[in-house]
Amino acid sequence: MGAAMSDIHEQLAELKQLGRCRRLRLVSGPQGATVLLEGKPVLLLCSNNYLGLADHPRVREAAAEAAMRWGVGAGASRLVSGTMTIHRRLEERLAAFERREACLLFGSGYLANIGVIGALAGRGDTVFSDELNHASIIDGCRLSRADVVVYRHLDVEHLEWSLRRHARREAGRRLIVTDSVFSMDGDLAPLEMIVELARAYAARLVVDEAHAIGALGPDGRGVLAQAGLHGEVDVLVGTLGKALGSYGAFVCADREMVRYLINASRSLIFSTAPAPPAVAGALAALELVQERPHRIERLRSNARALRAALAREGFAVTEEGMHIVPLIVGEEDYAMDLCQAAIERGVFAQAIRPPTVPEGTSRLRLAPMASHTAADMRMAAAVLGDAARKLGLDPAAIGSPSRATTDAGEADEEQELDAPARVASPSPSPFDFERGDSPARVVSPSPRPFDFERGDSPARTAVSASASPRAPVGAPRPNAPFDGERESSIRAA
Ligand code: PMP
């Protein structure tokens, strides 16, 4: 214990020295337009409660009623006793909303991504992943034990080049995975081109619409629906924790795929089903989105108002754009100082630093909500402008990335594209979220520390070693997608 303690102590001391020791800030009350932040009233400008539904009376009532009717916990995994009528109801509504055959709820977006990726890629397969994909996708890739090719952000040429190189490999499945709206930059994946590449190279495609569901596209159905591509992807991932104001997540796909995921997604098989109040709350939120689409319009107009006001303050922000407005400051210390100065002036926009974002791109990630007013947006921009100037920061040097979808990094394109893919093993630091920092990199994930395959554990060895003629299962294949079931039968045996 002593050694372990000093290890933890050292790691914390190191983080502190680097200025990266995070702490939790306490917010009182619901995720409304304003909150009490450690006792101080501030405008909340960094919550993903985009439509203001997390604290909507109908959503609260639905959750409270569900607690009375179905209880608070689901009690078990979906595959054991955890599939309840409320789960089925929301799945049916979400499938209809997304115009897909079927839907499957997961405990969270994080769990959905690791479950889906792990089911669709394993050892000997290849996953192609945008370098700025969310951490849950990165972790899903690592857990899957597939080879991972990280392509440059939004760069379809780089993706195609990578697919072409790997097309020669006959064995193995190919999977492309991307956010539709990138969480920290608010930019959009070139989905039409990615769909074409997936078709051309016989790759499956998973699109994470966490920041788009409820916020973008026709009736808030997302970017895929907006582009008429909702039927073109194998799996759409959405979360209930952002615009839908609750907690949990879902995937939409065809019936066969959902049947497969029920059998192959370890994060579904081995985790308790979503809590009934959360499911009912999301259901009420979905109804509100469909009945009252003005909230989506309000989110959009607030995003426009915020962007316009920031531009007037001299920030490098365009008026048109997403409901995620990054103010990229660069150095972490400056981003932290700007965050603190804004809080002191009544605006809360948490600074986002490495490893959540790449080195040198620390930022305030501003997230307007439908529950804000245009006046709130103008006040926030004025506060941020004032805070930046007081700190001696030039607003013109602070803003959103300007990227085109097809020409990212064209200067060294040829050279990079000709370079052989490098093989690297993941960094051992627990604080490195492994952003897929270098493009064209093939990462063979090390089995630890996220190796939760029971195949390597003493328990499994004991079962195998003591296998009697009556044992119902043979030697389990490592990482087979159906290991979950086999493990259950081992335990039951
Ligand atoms: N995908 C993306 C793109 C996200 O931004 C997030 C959450 N920040 C998730 C997945 C995880 O979703 P959840 O919060 O429901 O676990």
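How do the residues of the shell around the ligand divide into nonpolar, polar and charged?

## Ligand shell

The shell holds 3 nonpolar, 9 polar and 2 charged residues. Ala, Val, Leu, Ile, Met, Phe, Trp, Tyr, Cys and Pro count as nonpolar, Asp, Glu, Lys and Arg as charged, and the others, Gly among them, as polar. In total, 14 residues surround the ligand (C-beta atom, placed from the backbone, within 6 Å of it). The closest are S108, G109, H134, S183 and A210. Helix α5 (residues 109-120) gives the most to this shell, with 3 residues.

## Model and numbering

This is a predicted model: local features need pLDDT of at least 70, side-chain atom pairs count only at pLDDT 80 or more, and totals for chains, interfaces and linings use all residues. Residues are numbered from 1 along each chain as its sequence is written. Helices (H or I, at least four residues) and strands (E, at least two) are DSSP runs, numbered from the N terminus.

## Helices α7 and α8

The axes of α7 (residues 156-167) and α8 (residues 191-200) come within 10 Å and cross at roughly 10 degrees. Axes are lines fitted to C-alpha atoms, for helices over the stretch in contact; angles run from 0 to 180 degrees between N-to-C directions. That makes α7 roughly parallel to α8 (angle under 35 degrees).

V156, L159, E160 and L163 in α7 meet M193, I194 and L197 in α8 (C-beta atoms, placed from the backbone, within 7 Å). This contact has 6 nonpolar residues, no polar and 1 charged.

## Open sheet

Four strands form an open, mixed sheet in the order β1-β2-β3-β12. Pairing requires at least two DSSP bridges. The edge strands, β1 (27-28) and β12 (347-348), each pair on one side only.

Strand β3 (residues 40-44) runs parallel to β12, joined by 2 bridges. L44 stands opposite F348 in β12.

Key. Parallel < 35°, antiparallel > 145°, perpendicular 65-115°, else oblique. Contact = placed C-beta atoms within 7 Å.
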